[in-house]
Protein chains: 2
Amino acid sequence: MTEPRWLTDEEQRTWRAYLHATTLLEDHLDRQLQRDAGMPHVYYGLLVQLSQAPRRRLRMTELAKSAKITRSRLSHAIARLEKSDWVVRENCPSDKRGQFARLTDEGMEVLRRTAPGHVAAVRQAMFDRLSAEQMTQLGEIMRVMAEGLEPSGPDADLPWLR
Amino acid sequence: MTEPRWLTDEEQRTWRAYLHATTLLEDHLDRQLQRDAGMPHVYYGLLVQLSQAPRRRLRMTELAKSAKITRSRLSHAIARLEKSDWVVRENCPSDKRGQFARLTDEGMEVLRRTAPGHVAAVRQAMFDRLSAEQMTQLGEIMRVMAEGLEPSGPDADLPWLR
DNA sequence: GACTCGTTCTTGAAAGTTGAACTACATAGG
DNA sequence: CCTATGTAGTTCAACTTTCAAGAACGAGTC
């Protein structure tokens, strides 16, 4: 095994700043939403996805994919959200294995009530502090990073071809 | 209640790119470390912190602070790491309430063995894909964001003065 | 039909996390 | 010394996530 390429000093500083900022922000949003909406950030994200889908519903697998969580995790999450009456399951007529998760009116109402506070938190943490230039740069950087990590990324399905 | 300031289109795109990239990366590192080192990213971070501390040990509270997790979570985490013999607890002579977490030789060895792979993963996900300029920008952006979220941030201790 | 294989989603147990309550010690003021 | 108050760390119960099955259906093949 050959000597690994370690990070330069500046790379290390950047990496630590990244870890620091992202964990602080995730914590902040989790607490904010837990307090104001009674659910963690991930669950809130599920409701948002549903609210934007046609007929406010999505197949479980699609929802899992767009929220980047496993189907198992989603099953539990939807079960929990069903208990709060924010989501209901519906059978899929065309595929008897399939399930839709549909946002209820109560769920929609929770979103309406809590979205402003959430947006404010995001804005305060990010956009109020970054220049317009920095926002653009951040967007570009994040897109580049995501590209390299995409499950459907470069040869992700064909590693044996490399 | 007044109409909230929603995000502009570009802000939304940036925010989504951010969420997308950060969750993908965190997932990626978690899997990589779980596979190669047998522990999640947070736990790995604890070992790294310890490895860099004098005498490879830290007080629980300090470790919790530098890893940005609660003391409760740290208690459980250290208990788990103790079972793998990567960390041991030691009493603090000067403060009988205190505990040190100390990295064992086995723990150090795990780090030595797995650090190269981890660095490679970070590099591949981030630094191999960003230009030198972008890396600098990212560092600056993350520092700005962290500043605003710092527990010891602007008036965090004196909110009643605002 | 019967077989195989893949997909969709769920389940249950184990592991991890959280917030509050709790123990034990430290520190300051009378 | 004594009491009050604060700090270090753990523990408990409730909740969330992961992991390893597994049940049920779809689709292709013979």
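How do the residues of the surface near DNA strand C divide into nonpolar, polar and charged? I find two nonpolar, eight polar and 10 charged, where Ala, Val, Leu, Ile, Met, Phe, Trp, Tyr, Cys and Pro count as nonpolar, Asp, Glu, Lys and Arg as charged, and the others, Gly among them, as polar.

For the record, this is a predicted model, in which local features need pLDDT of at least 70 and side-chain atom pairs count only at pLDDT 80 or more, while totals for chains, interfaces and linings use all residues. Residues are numbered from 1 along each chain as its sequence is written, chains are lettered from A and ligands numbered from 1 in the order in which they are written, and side-chain values use heavy atoms, with hydrogens and water left out.

I listed 20 residues around DNA strand C (near means a heavy atom within 4 Å), and the closest are A:Thr61, A:Ser75, A:Arg89, A:Arg97 and B:Arg73. Of the atoms of DNA strand C that come within 4 Å of the protein, 63% belong to sugar and phosphate.

Last, I checked helix 3 (residues 60-67) of chain B against helix 4 of chain B, and their axes (lines fitted to C-alpha atoms over the stretch in contact) are 9 Å apart at an angle of about 105°. The two helices therefore count as roughly perpendicular (65 to 115 degrees).

Methods
Axes are lines fitted to C-alpha atoms, for helices over the stretch in contact, and angles run from 0 to 180 degrees between N-to-C directions. Helices (H or I, at least four residues) and strands (E, at least two) are DSSP runs, numbered from the N terminus. Angles under 35 degrees count as roughly parallel, over 145 as roughly antiparallel, 65 to 115 as roughly perpendicular and the rest as oblique.
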